[in-house]
Amino acid sequence: MAELDGRPVSAGQLQVLALTNYGHFTTMVVEDGRVRGLGLHLERLERDCAALFGVVPDRERVREFARRAVPGAGVVAVRVTLFDPAIDLGSIGGKAEPRVLVTARPVGSGVPGPIRVRTVRFERELPEVKSVALFGALRQRRLAQQAGFDDALFVDRDGGVTEGGTWNVGFLRGGGVLWPRGAYLAGTAMALLRGACGGAEERVGPELAGVEAVFATNAAVGVRPVAAVDGRVFDTAGVARLREAYLAVPGERL
């Protein structure tokens, strides 16, 4: 389904989003009407909307529109995108009135398998905002897959690992959790996992010195192991406890 402010969205309205590509979003997994980190998703929408449009959306209105996409039971991924279908490339500087686009898709069952990634020097534009402008990150994913990997792991200009294409990265070292230091989009799943498991923050180079395990995390997959980075193989068994800790976080009623 796809609705704009609670009504079926037209092709013309979506065309503006496709051609202008200015907006932001969050994706949440809804399980039987509940969302892990719902408050974090709503805070993200408010923060990013203020950054891109200079206004803050009505939180309860967003929740109302999102609930329309949720079945009575089961698991779905609901994406909430805020954009203004009235602006275009020529009028981008005008006053904006962002509207709420809600789309939903089913979520597959089962535990997500491990991935193999390669490091690449890349920094997203305005990384703290979850923007709809994913061209750079998706291009790096495409190039990585064409080279035989599953995804790309970004390294900034100072040589520090920051994040994956659409996920946060974390590490296990000496039995503890380690998070990268740098400019990246701090995801809701990452925030919940940090709350459950803690962990130090440190600049980590692509050589991953002393790292015993690597994991990816976002709201769509929860926690999944990274089996290899640039051909270097890592243990995946230790990531299971992190996934269990994430799944133990209770959901909030949408």
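**Exercise 1.** How many salt bridges does the count give between domain 1 and domain 2?

*Solution.* The model is predicted: local features require pLDDT of at least 70, side-chain atom pairs count only at pLDDT 80 or more, and totals for chains, interfaces and linings use all residues. Residues are numbered from 1 along each chain as its sequence is written, and side-chain values use heavy atoms, with hydrogens and water left out.

Step 1. The domain assignment, which is automatic or taken from a database, gives domain 1 (2–106) and domain 2 (115–253).

Step 2. A salt bridge requires a side-chain nitrogen of Lys or Arg within 4 Å of a carboxyl oxygen of Asp or Glu. The count between domain 1 and domain 2 is 0.

Step 3. Polar contacts (pairs of N or O atoms within 3.5 Å; within protein, one able to donate a hydrogen and the other to accept it, with residues adjacent in sequence counted only if both atoms are side-chain atoms) are found across this interface for 13 residue pairs, both residues being at pLDDT 80 or more.

**Exercise 2.** Describe the extent of the interface between the two domains.

*Solution.* Step 1. Contact, meaning heavy atoms within 4.5 Å, involves 27 residues of domain 1 and 23 residues of domain 2.

Step 2. The buried area, that is, the accessible area (1.4 Å probe) lost by the two parts on being put together and summed over both, is about 2000 Å², with 56% of it on carbon and sulfur atoms.

**Exercise 3.** Where does Arg36 lie, and which partners does its side chain have in polar contact?

*Solution.* Step 1. Arg36 is located in the loop between β4 and α2; helices (H or I, at least four residues) and strands (E, at least two) are DSSP runs numbered from the N terminus.

Step 2. Its relative accessibility of 17% places Arg36 among buried residues, the classes being buried under 20%, exposed over 50% and partly exposed in between (1.4 Å probe, protein chains only).

Step 3. The Arg36 side chain makes a polar contact with the side chain of Glu31 at 2.5 Å and reaches the backbone oxygen of Tyr246 at 3.3 Å.

**Exercise 4.** Is Leu208 buried or exposed?

*Solution.* Step 1. Leu208 lies in the loop between β12 (200–202) and β13 (213–218) and has a positive phi of about 55° although it is not a glycine.

Step 2. With a relative accessible area of 1%, Leu208 is buried.

Step 3. Leu126, in the loop between β7 (115–121) and α4 (135–146), also has a positive phi, of about 45°, and is partly exposed at 41%.
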